[in-house]
Amino acid sequence: MATMKIKKGDMVQVIAGKDKGKEGKVISVNKKNHTVLVEGINMITKHAKPSMANQQGGIIHQEGPIDISNVMYLHNGKATRVGFKLDGDKKVRVAKATGEVID
């Protein structure tokens, strides 16, 4: 499987769908389904029964998964593609727009 270009904790911008143009921080990445959860993006309504963890139950608003192809990495406030480069003997992510090393 190819290496994921978006990681947990990255700032991303949505480039397609109902939340196009919005920005947020990646909460989690699902490599198997090629989806990401982004803070405040693709909010869904879930109806929860009362349980030991959630005594009250009721309606819960939470983030839904969004396809990883619909988000773009934000570097210095600008959306950019991500590439890889060998830095010595270490593989690092690089912002295509500026050529700067991300991490």
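**Note on the sheet, core and pockets of a predicted model**

1. Strand 7 and strand 8 run antiparallel and are joined by 3 bridges, and it should be kept in mind throughout that this is a predicted model. Within this pair, Tyr73 has Thr80 of strand 8 as its bridge partner. The hairpin that the two strands form has 2 residues between the strands, and Asn76 takes a positive phi near 55° there.

2. On the pairing with strand 1, strand 7 is again antiparallel, with 3 bridges joining the two, and Val14 stands opposite Val71 of strand 7.

3. Val36 deserves a separate remark. Leaving aside neighbours within four places in sequence, Val36 is in contact with Ile6, Val26, Ser28, Val29, Gly64, Pro65, Ile66, Ile68 and Val71. The largest nonpolar core holds 15 residues, and those touching the most other members are Ile6, Val12, Val36, Val38, Ile66, Ile68 and Val71. Strand 1 (11-14), strand 3 (35-38) and strand 7 each supply at least two residues of this core. In soluble globular proteins, nonpolar side chains tend to be buried together.

4. Which residues lie nearest the centre of the largest pocket? They are Lys5, Ile6, Ile68, Ser69 and Val71, out of 15 lining residues. The volume of this largest pocket is about 260 Å³, and strand 7 (residues 71-75) gives the most to its lining, with 3 residues. By residue class, the lining of the largest pocket divides into 8 nonpolar, 4 polar and 3 charged.

5. The second largest pocket has a volume of about 200 Å³. Among the 13 residues that line this second pocket, Thr3, Met4, Lys7, Arg93 and Asp103 are the closest to its centre. Strand 10 (residues 90-95) provides the largest share of the lining of the second largest pocket, 4 residues, and the lining as a whole divides into 5 nonpolar, 1 polar and 7 charged residues.

Definitions and conventions:
Residues numbered from 1 in each chain as written. Predicted model: local features only at pLDDT ≥ 70, side-chain atom pairs only at ≥ 80, totals over all residues. Heavy atoms only, no water. 1 Å grid on protein atoms, 1.4 Å probe; cavity = no way out; pocket = protein on both sides within 12 Å on 5 of 7 lines; lining within 4 Å. Points joined across faces, edges and corners; volume = space filled by probe spheres on them. Nonpolar A, V, L, I, M, F, W, Y, C, P; charged D, E, K, R; others polar. Core = buried A, V, L, I, M, F, W, Y, C linked by side-chain atoms within 4.5 Å. Buried < 20%, exposed > 50% of the residue type's maximum accessible area, 1.4 Å probe, protein only. Contact = heavy atoms within 4.5 Å. Pairing = 2+ DSSP bridges.
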